[in-house]
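Subject: Structure for you to look over

Hello,

I am passing on the structure we spoke about. My notes on it follow below the display.

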Amino acid sequence: MTDRQPLLAQAADIHQWLERDSDRADLDRLKRDRAIGQHQTDADPLKKVLLWWQAIERPASADLGRRVLQVRRTLSGLLLAGGLLIGVGVGSLALTFEGDYPINLLALLGVLVLLPFIFLLLTVMFCLLQAFGLNAMALLPHWMSPGRWTLDLFERYAGLQFTGFYGQADARSRLGFWQVVVFSQLFGVGFYIGAVLALVVLVSVSDLAFGWSTTLAVESSSIYSLFNMVAFPWASLWPAAAPDADLVEASRIFRLAAPSGVEQVALLGTWWKYVLMSLLIWGFLPRLLLLLFAGWRFKRATRTYLLEHSEVTALMDRLISPVVDLGQQSHTPEPTEAQESGVSDLQTATSFADAYILVWNGAVSESELRTADIAWLSASSSDAELSSVLNSLPTRYKKVVVFTKSWEPPLLEFLDVLSALREQVGKSCSIAVVPVGLESRPAESGDVSVWARTVAQLQDPGTYVMNFGGFTDA
Amino acid sequence: MPDFAVVGQPNKGKSSIVATLAENEDIAISSKPGTTRKATHYDFSVDGKLLYTLVDTPGFQRANRVLQWLEAHVEDASNRVDVVRAFVAEHRDDPKFADECELLQPILDGAGILYVVDGSKPYGPEFEVEMQILQWTGQPRMALINLIGEGDYQEQWRRALDQYFSIVRVFNAMLADFDTRTNLLRAFAELNEAWRSDMEAAIKALRSERSRRLHRSATEVADALIACLSYTGQQFVDEGDATDGVAQSLRNALLQRIREREQRARQQVQSIYRHDRMRADETDLVLLDIDLFSEEGWALFGLSRTQLLITGAMTGAVAGFGIDALLGGASLLLGTAVGAAVGSLGSWFASDELAKTKVLGQQLGGKLVQVGPLDAANFPWVFLGRAWLHHDLVRERNHALRSVMSAQMQDQENVMDQIPEDLRRRIAQAIGTIRKEGASSRTRSQLQACVEALFQLKLESELAGNKRPVYEVPPAF
């Protein structure tokens, strides 16, 4: 797709692409679009969106716009061709001259000019209703316009919906309405081209004779006024194509008069210029003008249709909103929780009579311990204090219990102390780390689990964590 | 630009604070100590312009050893910073002090210090070692008392921290609301006058971004509601075929489509608030998990029969008043009275059926079975009530939280009770027009404005399983 695509095709592609893009993270979209928006100087929202569309990286496979264009072109071509064929057919039938009676101008103009002109006026009336904000599409019956049912085909084959309630119902119906007018006027223009062609060919290859006839008691002068009124737009430019009173008088026919009731037969052929101009000025030209007008309104409606789509309004917001990045750019993998140590499998320590007690960071108070063999160490103890405590450990104990604050995390400096302790007491002595809860209550299982995981890093089977069961005989 | 190094012992919530301030749900937060092993920088920028940087650091592991080294090498107070610098230079490649080097380096590079402690656990003198090291660096310092557990030892901590830090603040990374977060940023600015303008710019940008998110969320929800109100299901059947089964399957498909649209709107709102990774099951909670078309949901989020009646009457009265105004009061407010009566009667007799089924004859033979669009009077209110609750929860959810989103409600509480009458009437008008005429750009904007006004209201709820008597439920489902 290029930026030279018609707006409707681009609108279809942009909508479709943005709807698919809506699954992306909002921040990613904001960063991407704002980066483009920051380089845009044009204030026109349509230009902003189209420039964004050029700048965005996207797969080249978007085909909705292409399909919309193809279907629209095909339907437009069919309508033009259909109008042309019907125009040729109707024109040929209306201009049938067997040589007996001249072609009745009143009937000819009634069929080829007046009746279509009434439909044209009705269309203009619907256009006015639409311009005044009414939903003319809903009022426009299918029988009145070939464009209405062509739109149904367009919706079906192009995949665009112009009716329905969702989101921008008014923008869609506006777009649909002007598309209907464009379609129907294409048909009308084709029709008149066909009718004019039929006239030109028949005038060239046969001798046509025109007259007028009516059962009503109408004076020639009245009919002359009528014909003159019809010829008003071109009478001064091409007088030969405007009838004079004598021609009108001479063209009156009575079917009972033999053979045609007309004295000056040669005069009757001169009407073809008048018929040609009537078809061109009252048939072809208004429809061409309405087609151009509807095309212009369709383009405007397409602009609204494109810009009022919810995803496009969101895009506009992203183009002009500053990206506030609070620090989402750094990504670190979520840690995989290590397998929880089976805290319930840990032994619960309730008796400490046979163990030497080491209290780390004041995990328990002195008053709660009823043994004399206690040492106190903390994270702020000096190397000298640590050495002093370790060197004074009695050798009779086979077990050292280290009380720690369960709610504090086990730090590496604590593992350093455990390593030093192991070196001091030798492999035969077990070291039990006992995390104690607040106010000497049993620790929470989550905290004990953290301690168990950390102590396990020492890979020393003689150093392990025990649940704290309270003081009974310490 | 200011840098702030978030330091402290492991497991005191440093990463949680960074995750909340940076709105980054990717930051690893774990109960396992030492999860953060490298200093990670999180830049706060507006359109690429850097305003400040948060540095998440590993925790102190061997603070006592470090302090002993520093004390052994210091000559006098004037060269303490140089000694700290020398320590880092000497131990940069020493795995034993890897964590300390990582956390000290940003401070030596000029970062302000945010020292984090857990105020829910008692203070211990062993923490003074770290505070002393930080004091030695000479950088501006602030202490943050984070509250991870249920205990409260704030005063204990405050007394100790006041001796080492110029500013001490309590900050619960999990529960801090937007104002608390911006106040904290303002406190950062107090650490150094030179940082003030950048921090003020950051706060301004945050406020503007918050408004943008609310607007975008309201737009998404309004569009989703419009879409749900437009959905229909259609199927052609042969002339002699039964239509009941087809209608039922169309109805089920229609309801499922609406459920999916609601879920999509929720995901978009989550994405707008940077909660992209929030799993689907995190919203499958007591309240938000209630099916969109369940009895419970309609009782909890919908309007009561009386509320529907009043809203209908008010909407009708406003329309009638317009006629009175056109007649210059000559109608003696008859239009208002009639409008109110018609509106209330319309609401009273409105069908509770969710969506009507139509069977239409076709010109070419056969029948067209059509279900929908939804016309149950309460559906839009249920939809909006759920969206309001979801938005409120997502907006206030901090990015440090890794638990599922939870919500509870008091007995007898109804979400819609909290909407002011005027807003309720405006919503009813917009929905009425959309149902009648389709969603034009104007009505869409009106509904968006209503939803935005709704989302600006703070939902006063402690949600918890609704025990309210069920008063009306569409019989169709």
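Over all chains, the count of salt bridges comes to 39. Please keep in mind that this is a predicted model. One of the salt bridges joins Asp21(A) to Arg32(A), with 2.8 Å between the closest N and O atoms. Asp21(A) belongs to helix 1 (residues 7–21) of chain A and Arg32(A) to helix 2 of chain A, so that pair, eleven residues apart, links distant parts of the chain.

Eight salt bridges are counted between chain A and chain B. Among them is the one from Glu126(B) to Lys405(A), where the closest N and O atoms are 3.0 Å apart. Polar contacts across the interface of chain A and chain B number 20 residue pairs, with both residues at pLDDT 80 or more. On the side of chain A that touches chain B, at least two residues each come from helix 2 (26–37), helix 8 (169–205), helix 13 (310–320), strand 3 (324–325), helix 15 (412–425) and helix 16 of chain A. By class, that side of chain A has 21 nonpolar, 18 polar and 17 charged residues.

For the interface as a whole, 56 residues of chain A are in contact with 69 residues of chain B. The two chains bury about 5,200 Å² between them, and 46% of that area is on carbon and sulfur atoms.

A sheet also runs across the two chains. Strand 3 of chain A pairs with strand 2 (residues 40–46) of chain B in the antiparallel sense, over two bridges. In this pairing Val324(A) stands opposite Val46(B). The open sheet has seven strands in the order 3(A)-2(B)-3(B)-1(B)-4(B)-5(B)-6(B), with mixed pairing. At its edges stand strand 3 of chain A and strand 6 (167–170) of chain B; each has a single partner strand, so one side of each is left without a neighbour in the sheet.

Within chain B, strand 1 (residues 3–8) and strand 4 (residues 112–118) pair in the parallel sense over five bridges, and Ala5(B) stands opposite Ile113(B). Two helices of chain B lie across strands of this chain. Helix 7 (residues 178–190) lies across strand 1, strand 3, strand 4, strand 5 (141–146) and strand 6, at about 170° to strand 6.

Chain A has an open sheet of five strands in the order 6-5-7-8-9, with parallel pairing. Strand 6 (374–377) and strand 9 (463–465) of chain A stand at the edges with a single partner strand each, so one side of each has no neighbour in the sheet. On average, neighbouring strands of this sheet are turned by 20° against each other, direction ignored. Strand 5 (residues 356–360) and strand 7 (residues 399–405) of chain A run parallel and are joined by four bridges; Tyr356(A) stands opposite Val400(A).

Helix 14 (residues 383–391) of chain A packs on the sheet, where it touches strand 5 and strand 6, and its direction makes about 165° with that of strand 6. Helix 16 (residues 445–456) of chain A lies across strand 7, strand 8 (430–436) and strand 9, running at about 165° to strand 9. Helix 16 of chain A also supplies at least two residues of the side that touches chain B.

Regards

Terms used
Residues are numbered from 1 along each chain as its sequence is written. Chains are lettered from A and ligands numbered from 1 in the order in which they are written. This is a predicted model: local features need pLDDT of at least 70, side-chain atom pairs count only at pLDDT 80 or more; totals for chains, interfaces and linings use all residues. Side-chain values use heavy atoms; hydrogens and water are left out. Two strands pair if DSSP finds at least two bridges between them. Axes are lines fitted to C-alpha atoms, for helices over the stretch in contact, and angles run from 0 to 180 degrees between N-to-C directions. Contact means heavy atoms within 4.5 Å. Buried area is the accessible area (1.4 Å probe) that two parts lose on being put together, summed over both. A salt bridge is a side-chain nitrogen of Lys or Arg within 4 Å of a carboxyl oxygen of Asp or Glu. A polar contact is a pair of N or O atoms within 3.5 Å; within protein, one must be able to donate a hydrogen and the other to accept it, and residues adjacent in sequence count only if both atoms are side-chain atoms. Ala, Val, Leu, Ile, Met, Phe, Trp, Tyr, Cys and Pro count as nonpolar, Asp, Glu, Lys and Arg as charged, and the others, Gly among them, as polar.
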